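Hi,

Here is the structure I promised to pass on. Have a look at it first, and then read on for what turned up.

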Amino acid sequence: MEALVGSIIETMEGWGVSPQIITVFISMIPLLELRGSIVIAGGILKLPFIQTFIAAVIGNMIPIPFILLFIKKIFDWMKKVKCLKKIPTKIEEKAMKKSEQIEKYGYLGLLLFVAIPLPGTGAWTGSLLATLLNLKTGKSLISIFLGVCTAGLIMSLLAFGIIANIF
């Protein structure tokens, strides 16, 4: 993953892309998402706190409406293609193992799931779970956005050493 991120940064900087746009792009990548982009933006790209936070939130939110609206259709299509049919099933099974909090607390559970910066949580998985659990798109989008903002604030405070300076 480090090599991939290094290549992305090197290539985009070579094209003259701003650190803010690089941060937006990295925030859109599954697995890295907002959490990874904040560490990269603050540490490698040397963006200030507010610019890092805003770019990371924007980038992390860009794919979410598309996931909420189209992932079921994409997965249904993939399940009909012999060489692809196992991929969506495995992704759905893996995601559903994390669905208990959302099933129990609904949209608040979705917000908290996205907000807690732990591996396997985040906007991508939260969006997939909202769709698989047939939650309403608009309410899910709001919950995910608030969760992304919360996770962004937590990660920014950690990455920029603000929490460490307080304690």
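Before the details, one cut-off: a residue is called buried when its relative accessible area is under 20%, and exposed when that value is over 50%. Please also keep in mind that this is a predicted model. The mean pLDDT of the protein chain is 93, with 97% of residues at 70 or more. Among its elements, helix α4 (residues 49-61) has the highest mean pLDDT, 97, while helix α10 (residues 162-166) has the lowest, 69.

The overall picture

The protein chain is built from 10 helices and has zero strands. With a radius of gyration of 17 Å, close to the 15 Å that the globule rule gives for 167 residues, the chain is as compact as a globular protein of that length. Along the principal axes, its C-alpha atoms fill a box of roughly 45 × 35 × 25 Å. Buried residues make up 41% of the 167. If you take the contacts between residues at least 6 apart in sequence, 69% of them join residues at least 24 apart. The accessible surface comes to about 9,500 Å², and carbon and sulfur atoms account for 69% of that.

The helix I would look at first

Helix α7 (residues 100-115) is the one to bring up on your screen. What does α7 have centred on G106? There is a kink of about 140° at that point.

Two backbone angles

Most residues other than glycine have a negative phi. E33 has a positive phi, near 45°, and lies in helix α3. K46, also not a glycine, has a positive phi of about 60° and is placed in the loop between α3 and α4.

Are these two residues buried or exposed? E33 counts as buried because its relative accessibility is 6%, whereas K46, at 61%, counts as exposed.

Do write back once you have had a look.

Best wishes

Methods:
Residues are numbered from 1 along each chain as its sequence is written. This is a predicted model: local features need pLDDT of at least 70, side-chain atom pairs count only at pLDDT 80 or more; totals for chains, interfaces and linings use all residues. Side-chain values use heavy atoms; hydrogens and water are left out. Helices (H or I, at least four residues) and strands (E, at least two) are DSSP runs, numbered from the N terminus. The expected span of a helix is 1.5 Å times one less than its number of residues. The bend at a residue is the angle between axes fitted to the seven residues ending there and the seven starting there. pLDDT is the predictor's confidence in each residue, from 0 to 100. The radius of gyration is taken over C-alpha atoms; the globule rule is 2.2 Å times the number of residues to the power 0.38. Buried means under 20% relative accessible area, exposed over 50%, partly exposed in between (1.4 Å probe, protein chains only). Contact means heavy atoms within 4.5 Å. Accessible areas come from the Shrake-Rupley method with a 1.4 Å probe; for residues, only the protein chains shown count as cover.
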